[in-house]
Amino acid sequence: MSVSKPSLDTAAAAIEVEALKADSFGRISLMRGPQGVFVRRDLGHVPLWLRLPAWWLARREARGLQRVIGMQDVPLLLNWDGRRLDRSYMAGAPMYLSPPHGDLAYFRQARRLLGQLHRCGLAHNDLAKEANWLVLDDGRPGIIDFQLAVRGNPRSRWMRLLAREDLRHLLKHKRTYCPQHITPVERRVLKRHSWVRDAWFATGKPVYRFVTRRLLKWEDNEGRGPQP
């Protein structure tokens with residue numbers, strides 16, 4: 001798949017302003033081009049043996065962002081050429097750097113944003129990580145990093161199951177930062193673990209930890225950022 005909007009000219013004459021993150025699956029940088037600042041995921045720095053999974057993840061993100069074009073508070077896909085994925089910059093900070101303590105409005109808006117995402121036929125699938133939730137400059141929530149997003153019919157049983165997991169992860173953050181406003185219904189949702197979650201913890205997560213910590217030698221702290 002190749003997605004491109006040449007009129008935005010994000011690739012030509014763009015310079016790196018700041019490196020935001022670099023790991024085995026690409027380098028993420030804040031860039032400045034003729035149309036302003038944007039964020040680029042560049043696979044040119046990926047080791048040869050990881051090029052295929054890195055490309056697969058970037059393509060998955062591009063397809064996910066295509067599904068939500070027109071939505072607010074998620075990135076706009078600017079360009080995907082098989083090596084570089086460019087998306088719009090969203091001014092704000094990750095949840096772990098700007099925690100919304102006691103901010104009920106934030107979590108109400110986050111739930112509405114999540115509902116819009118799901119009605120577009122997209123489940124994010126990685127919202128347990130606080131790094132994937134933004135607190136935008138005006139206090140609104142934003143969602144980034146769609147590498148694991150799943151597309152499908154929003155009414156299908158599978159997509160409804162994934163949507164419920166997205167919601168459960170949001171409620172876990174609400175329980176952390178806004179526990180006094182957790183409702184009885186939300187507490188029941190938090191207690192209901194799906195078979196997807198149980199299967200991940202029994203099989204997928206041990207493999208993920210082995211690959212990232214033993215083979216790739218990096219630690220993401222569950223997306224919370226550097227820990228002391």
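This is a predicted model: local features need pLDDT of at least 70, side-chain atom pairs count only at pLDDT 80 or more; totals for chains, interfaces and linings use all residues.
Helix α2 comprises residues 104-119, and helix α3 comprises residues 157-177. The axes of the two helices lie 11 Å apart, and the helices pack at an angle of about 170 degrees. Because angles over 145 degrees count as roughly antiparallel, α2 and α3 are assigned to that class. On the α2 side, the contact is formed by Leu104, Phe107, Ala110, Arg111, Leu114 and His118. These residues meet Ala163, Asp166, Leu167, Leu170, Leu171, His173, Lys174 and Tyr177 of α3. By residue class, the contact between α2 and α3 consists of nine nonpolar, two polar and three charged residues.

His118, one of the α2 residues in this contact, has a relative accessible area of 15%. This value is under the 20% limit, and His118 is therefore classed as buried. When residues up to four places away in sequence are left out of account, His118 touches Ala123, Pro154, Ala163 and Asp166. Of these, Ala163 and Asp166 are also listed among the α3 residues that meet α2.

A count of aromatic pairs gives one. Phe107 additionally takes part in the contact of α2 with α3.

Key: Residues are numbered from 1 along each chain as its sequence is written. Side-chain values use heavy atoms; hydrogens and water are left out. Helices (H or I, at least four residues) and strands (E, at least two) are DSSP runs, numbered from the N terminus. Buried means under 20% relative accessible area, exposed over 50%, partly exposed in between (1.4 Å probe, protein chains only). Contact means heavy atoms within 4.5 Å. Rings of Phe, Tyr and Trp (its six-membered ring) pair if their centres lie within 6.5 Å; planes under 30 degrees apart count as stacked, over 60 as edge-to-face and the rest as tilted. Axes are lines fitted to C-alpha atoms, for helices over the stretch in contact, and angles run from 0 to 180 degrees between N-to-C directions. Angles under 35 degrees count as roughly parallel, over 145 as roughly antiparallel, 65 to 115 as roughly perpendicular and the rest as oblique. Ala, Val, Leu, Ile, Met, Phe, Trp, Tyr, Cys and Pro count as nonpolar, Asp, Glu, Lys and Arg as charged, and the others, Gly among them, as polar.
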